[in-house]
Amino acid sequence: VRPVLGGKITSGTPFRRLLDEKFLNGKNFVEMGVHSPRCLPEHYQYLMENKATVMKLENINKLGLEKSLKKAFSISDKNTFATVFDIDIDGVMS
């Protein structure tokens, strides 16, 4: 959920723009796999202000991927007609 800085769009910018423009409802926005040390406090604060759900990697590891995905989809599907699922290629391991 990075902001546009100096006119530059980064990998997280589209999500912030969708939330800012109200194309996405923060209550249905779930960010999974956040690495606590790498998540900037201002990005986390932005998500909290928009009532989004943040699922940290260490919690996913404890709960398990299947249960974590079920939880994420139960949040993102609530009172909506569509769900978008995006995988950051940096998080995919071969």
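What follows is a working chat about a predicted model of one protein chain.

Me: Starting with the overall layout, how many helices and strands does the protein chain have?
Reply: In this predicted model, the secondary structure of the protein chain comes to four helices and two strands, and from the N terminus on the elements run α-β-α-β-α-α.

Me: And what share of the residues counts as buried?
Reply: Of the 94 residues of the protein chain, 22% count as buried. The accessible surface comes to about 7300 Å², and carbon and sulfur atoms account for 56% of that surface.

Me: What about contacts between residues at least 6 apart in sequence, how many of those join residues at least 24 apart?
Reply: Among the contacts between residues at least 6 apart in sequence, 42% join residues at least 24 apart.

Me: Which residues make up the largest nonpolar core?
Reply: The largest nonpolar core has eight residues, namely Val1, Leu19, Phe29, Val34, Tyr46, Leu47, Ala52 and Val54. Taking Ala52 as one of these core residues, and not counting residues up to four places away in sequence, Ala52 touches Gly26, Phe29 and Leu47.

Me: Leu19 is in that list, so which residues of helix α1 are buried?
Reply: Helix α1, residues 13-20, has Thr13, Arg16 and Leu19 as its buried residues. Seen down the axis of α1, these buried residues fall within an arc of 125 degrees, and therefore they line one face of the helix.

Me: What covers them?
Reply: The cover over the buried residues of α1 includes α2.

Me: Moving to α2, is His43 buried or exposed?
Reply: His43, which has its place in helix α2, counts as buried because its relative accessibility is 13%, below the 20% cut-off for that class. Leaving aside neighbours within four places in sequence, His43 is in contact with Val1, Arg2 and Pro3, and Val1 is itself one of the residues of the largest nonpolar core.

Me: What does the side chain of Asn28 reach?
Reply: The side chain of Asn28 reaches the backbone oxygen of Ile75 at 3.1 Å, and it also reaches the backbone oxygen of Lys78 at 2.8 Å. With neighbours within four places in sequence left aside, the residues in contact with Asn28 are Ile75, Ser76, Asp77, Lys78 and Thr80.

Me: Back to backbone angles. What is the phi of Lys51, and where is Lys51?
Reply: Lys51 has a positive phi of about 60 degrees although it is not a glycine, and its place is in the loop between α2 (41-49) and β2 (53-56). Lys51 counts as exposed because its relative accessibility is 54%, over the 50% cut-off for that class.

Me: Then Asn79, what phi does it have, and is it buried or exposed?
Reply: Asn79 likewise is not a glycine and has a positive phi, here of about 55 degrees; it lies in the segment after α4 (65-76), and at 79% relative accessibility Asn79 counts as exposed.

Key: Residues numbered from 1 in each chain as written. Predicted model: local features only at pLDDT ≥ 70, side-chain atom pairs only at ≥ 80, totals over all residues. Heavy atoms only, no water. Buried < 20%, exposed > 50% of the residue type's maximum accessible area, 1.4 Å probe, protein only. Arc of directions from axis to C-beta. Contact = heavy atoms within 4.5 Å. Areas by Shrake-Rupley, 256 points an atom, 1.4 Å probe, with all protein chains shown as cover. Polar contact = N/O pair within 3.5 Å; in protein donor to acceptor, adjacent residues only side chain to side chain. Core = buried A, V, L, I, M, F, W, Y, C linked by side-chain atoms within 4.5 Å.
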